[in-house]
Amino acid sequence: MTSQPRAVAGLAAPRGGAHAGPVGRCRGRARPHPPPAPGGRGKMAAGKLPARVLELLFSYLELPELLSCSLVCRHWNRCLETDENSEVWRSVCQRLLSEEALSSDILCNLSSYKAKARALRHAWSSADCSRNVYIKRNGFTLHRNPIAQSTDGARAHIGFSEGRHAWEIWWEGPLGTVAVIGVATRRAPLQCQGYVALLGSDDQSWGWNLVDNNLLHSGEAAGSFPQCNNAPKYQIGERIRVILDMEDKTLAFERGYEFLGVAFRGLPKACLYPAVSAVYGNTEVTMVYLGKPLDG
């Protein structure tokens, strides 16, 4: 006798829309399929539950389950998408985010609970970084251990093969001789000997070295950035906004809401991850995903 579908749909993680590798996933063109919905009278009852009751039920679910639930029907989708500061998303943030992340200014540029929960899902991956790097308990900051003659990097949990995406990144310690931010494929190395510009050292990564303002790709300097006379040096704690446009295949940067220009054009049709490489011992780098960039 076959088992019947569960009374609340969407308890499995989305399938098809994200390429789940061994340590990361890529948001591509395919979309998640909605989970099997309850049949018969149960389906009608679930679709007519009051929003307040659904909010209470949803508040016990994890992020992948909520994403699946949003695909079940329009009623459930409205309940989850209309109010990004609802009790559902507040509950999710309280469960998933550390007290430090919620009480500090790390997430100060995110206005809703849903956006904060989404940012954690896009944060640095503890399973996709150099062995000399660990992710702090706040979930958004990486710490590089003081290892001599080593360059160490990290990638985010999720990469992108379509759409437009923005995140901000900032150093909370000395830069050292090389400090590079940008994007990388899953094939780019995350550790090497010596103090080098690891991000941008091959054809699998693109980076901006904040120390000397050089753009890097395929092991070569691709020009200075930003392209202006006497460009100011990066200041510790200054937030840089990274804008990845997978439709136009460009990578651009902003500083203090000033658009610095497009750094790279002609990016490949591949899955690109937010990435960083660092050399200074005990330095820390924080990255927060913002979502779709605002125009203008």
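User: Which side chain meets Arg164 in a salt bridge?
Analyst: In this predicted model, local features need pLDDT of at least 70 and side-chain atom pairs count only at pLDDT 80 or more, while totals for chains, interfaces and linings use all residues. Residues are numbered from 1 along each chain as its sequence is written, and side-chain values use heavy atoms, with hydrogens and water left out. A salt bridge is a side-chain nitrogen of Lys or Arg within 4 Å of a carboxyl oxygen of Asp or Glu. At 3.4 Å, N to O, the partner of Arg164 is Asp245.

User: How many residues apart are Arg164 and Asp245?
Analyst: Helices (H or I, at least four residues) and strands (E, at least two) are DSSP runs, numbered from the N terminus. Arg164 is in strand β8 (residues 164–171) and Asp245 is in strand β14 (residues 240–245). The pair links distant parts of the chain, and the separation is 81 residues.

User: Is Asp245 buried or exposed?
Analyst: Buried means under 20% relative accessible area, exposed over 50%, and partly exposed in between (1.4 Å probe, protein chains only). Arg164, with 24%, is partly exposed. Asp245 has a relative accessibility of 10%, so it counts as buried.

User: Which residue forms a salt bridge with Glu284?
Analyst: The closest N and O atoms of this pair are 3.3 Å apart. Glu284 lies in strand β18 (residues 284–291), and its partner is in the loop between β4 (133–135) and β5 (141–144), so the pair ties together parts that are 148 residues apart in sequence. Glu284 is buried at 14% relative accessible area. The partner is Lys136.

User: Where are Glu87 and Arg90, which meet in a salt bridge, placed?
Analyst: Their side chains meet at 2.4 Å, N to O. The two residues are separated by about one helical turn because they are three residues apart in one helix. That helix is α5 (residues 87–96).

User: How many salt bridges does a search of the whole structure find?
Analyst: Side chains of opposite charge can pair when their charged atoms come close. Asp128, Arg155 and Arg186 are linked in a network of such bridges. The search of the whole structure finds eight.

User: What is the phi of Asn213?
Analyst: Most residues other than glycine have a negative phi. Asn213 is not a glycine, yet its phi is positive. Asn213 is found in the loop between β11 (205–209) and β12 (214–217). Its phi is about 60°.
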